[in-house]
Amino acid sequence: SLDAAFAAVRSEADATVAAPGFDAEQFRLEWLGRKQGHLKAISDAWLKAAPPEAKKLIGQRFNALKEQIEGSLASAGTAETKPAAAGLDVTLPGSAQRLGVEHPLVRTMAEIVGVFQRMGYSVGLGPEVESDFYNFESLNFPPNHPARDTQDTLVVAEQEGKPLRERLLMRTHTSPVQIRSMLEQAPPLRLVIPGKVHRNDAADATHSPVFHQVEGLCVDTNITFSDLKGTLDHAMKAFFGSAVKTRFFPSFFPFTEPSADVQISCIFCGGKGCRKCKHSGWIELLGCGMVDPAVFEAVNKRRIELGRDPVYDTRRISGFAFGMGVDRIAMMKYGISDIGLLYSGDMRFLEQFA
Ligand code: PHE
C-alpha cells in the first residue's frame with residue numbers, strides 16, 4: 001500500500017541521515033534533487049500513474065513525506081554537532097561566564113601612561129635584566145659610589161669574571177631606558193617608560209622585591225625646570241583630579257641636576273591633615289630633575305662607540321626626567337594597605353576589581 005511504501009522510504013531516509021559519515025549536501029542532491037532525486041522518482045511513479053480521483057490524496061501524503069524527510073535533514077545539522085545537539089537541553093538556564101579583569105597595577109600604570117600619551121609622549125620599554133653600565137655607570141653612578149648602596153641591587157650570579165660595566169643585574173629603576181632610548185633616537189624626545197624593577201628589600205606591608213615604576217624623559221632645545229614643573233603639575237591634576245596641588249623640594253639623584261622630590265596635596269583630606277598624610281597635608285610621590293650633562297656626555301660617548309653621531313650637544317640640548325612608583329599610587333587609589341596583596345594572586349583580592 002501507499003502508507004507502507006512511504007513509511008519504508010522514510011525509514012530509509014532517516015537511516016541515511018543517522019549513518020556515520022552522513023553528508024548533508026550529498027543527501028540533499030540524492031534525495032531532494034529536483035531532476036533526479038529519489039523523491040522526484042517516487043512522485044513520478046505514484047502520482048503520474050494514479051487515477052485522477054486518487055491524485056489529491058496521494059499528493060497530500062507525498063507532501064507530508066517530503067516535509068518529514070526535509071525535517072530529518074534540517075535537524076541532522078552537521079555531522080560534528082549532532083551528538084552534542086542530542087544531549088542539549090535548550091530550556092536550561094545559561095551558565096554565566098566569569099570575565100577576567102585588569103590587575104589594579106596594570107590598570108594604574110596604563111592610566112598614568114595615558115596621561116602622558118595625551119601630552120604627546122611615546123611609550124618606551126627596556127629589559128629587566130640589565131648591565132651595570134645602563135643601570136648605573138651611564139647614569140653617573142661612579143664605581144663604588146655610595147649612591148649605588150641606596151639601590152639594594154639584586155645581581156645575577158657568577159658575573160665576577162666580567163668587567164664591571166658588563167655585569168648583569170636586575171634593574172633597580174626604569175632610568176636605564178633613558179640611556180637606551182637616547183642611543184637609538186636623536187632629540188627631540190618625549191618618552192614615558194612603564195615597567196617592573198627589582199630591589200633586595202625584605203618584603204613587608206610597604207616593600208616588595210619587585211615593584212613598578214613609570215619613568216619620563218623629555219629632551220629638546222630650551223627645556224627648562226619650568227617645563228618640568230608645569231608638566232608634572234598637569235599630570236598630577238589629570239590623574240588625581242584638578243583640585244590636587246604640587247610642591248617641589250630639593251633632592252639628589254646622580255643623573256639629574258638639579259633634582260627634586262615632588263609632593264601632592266593629600267588626596268584623602270585635601271591638605272587639611274589626616275592619618276594617611278601623617279597630618280602634614282602632603283604626600284611624597286616622585287623624584288625628578290633636569291638631565292645631568294654627564295648623562296648626555298655618557299650617551300654621546302657610547303653613540304660614538306656604536307658609530308652614531310654624538311647628537312646630545314649639551315650647549316644646545318637640555319631635558320628633564322622623572323620617575324614614580326606605581327605600586328604606592330595604586331595602593332593609595334584603591335585603599336590597599338599591604339603591597340603583598342598586589343603580588344599574591346589571591347582571587348578574593350583580585351575579584352574586588354571586577
Ligand atoms: N630612578 C629614580 C628612582 O628610582 C627616580 C628618578 C627618575 C629620579 C628620573 C629622577 C629622574 O628612585
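Tutor: Start with one term. A polar contact is a pair of N or O atoms within 3.5 Å. Keep that cut-off in mind. Keep in mind, too, that this is a predicted model.

An oxygen atom of the ligand lies 2.9 Å from an N or O atom in the side chain of Q213. The protein buries 91% of the 330 Å² that the ligand exposes when taken alone.

Two further side chains reach the ligand with polar atoms. R199 places a polar side-chain atom 3.1 Å from a ligand oxygen. With H173, the ligand atom is a nitrogen. It is 3.0 Å from an N or O atom of the H173 side chain.

Step back to the whole shell. There are 14 residues around the ligand. Those that come nearest are H173, S175, R199, Q213 and E215. Sort the shell by class. It has 7 polar residues, 5 nonpolar residues and 2 charged residues.

Which strands each supply at least two residues of this shell? They are β5, β8 and β9. Find β5 at residues 210-221, β8 at 282-291 and β9 at 317-325. The largest share comes from β9, with 3 residues. As for the space itself, the ligand takes up the largest pocket.

Next, look at strand β7. This strand covers residues 256-265, and Q263 is in it. Is Q263 buried or exposed? Q263 has a relative accessible area of 13%. Buried means under 20%, so Q263 counts as buried. The side chain of Q263 has a partner. A polar contact of 2.8 Å joins it to the side chain of R247.

P258 is in strand β7 as well. The peptide bond leading from E257 to P258 is cis, with omega near -5°. Another cis bond runs from P187 to P188, and its omega is near 0°. P188 is in a loop. That loop lies between α8 (176-184) and β4 (189-198). Why point these bonds out? Most peptide bonds are trans.

Backbone angles give two more spots. Most residues other than glycine have a negative phi. N140 has a positive phi, near 75°, and is not a glycine. E158 is not a glycine either, and its phi is positive at about 60°. N140 is in the loop between α7 (132-135) and β3 (168-170). E158 is in the loop between α7 and β3.

How exposed are these two? Over 50% relative accessibility counts as exposed, so E158, at 73%, is exposed. N140 is at 30%, and counts as partly exposed.

Finish with S95. S95 is in the loop between α5 (82-86) and α6 (104-117). At 62% relative accessibility, S95 counts as exposed. Now compare its place with that of S259. Along the sequence, S95 and S259 are 164 residues apart. In space, they are 57 Å apart, C-alpha to C-alpha.

Notes. Residues numbered from 1 in each chain as written. Predicted model: local features only at pLDDT ≥ 70, side-chain atom pairs only at ≥ 80, totals over all residues. Heavy atoms only, no water. Near = heavy atom within 4 Å. Polar contact = N/O pair within 3.5 Å; in protein donor to acceptor, adjacent residues only side chain to side chain. Areas by Shrake-Rupley, 256 points an atom, 1.4 Å probe, with all protein chains shown as cover. 1 Å grid on protein atoms, 1.4 Å probe; cavity = no way out; pocket = protein on both sides within 12 Å on 5 of 7 lines; lining within 4 Å. Sits in = over half its atoms within 2 Å of the grid points. Helix = DSSP H or I, 4+ residues; strand = E, 2+ residues; numbered from the N terminus. Nonpolar A, V, L, I, M, F, W, Y, C, P; charged D, E, K, R; others polar. Buried < 20%, exposed > 50% of the residue type's maximum accessible area, 1.4 Å probe, protein only.
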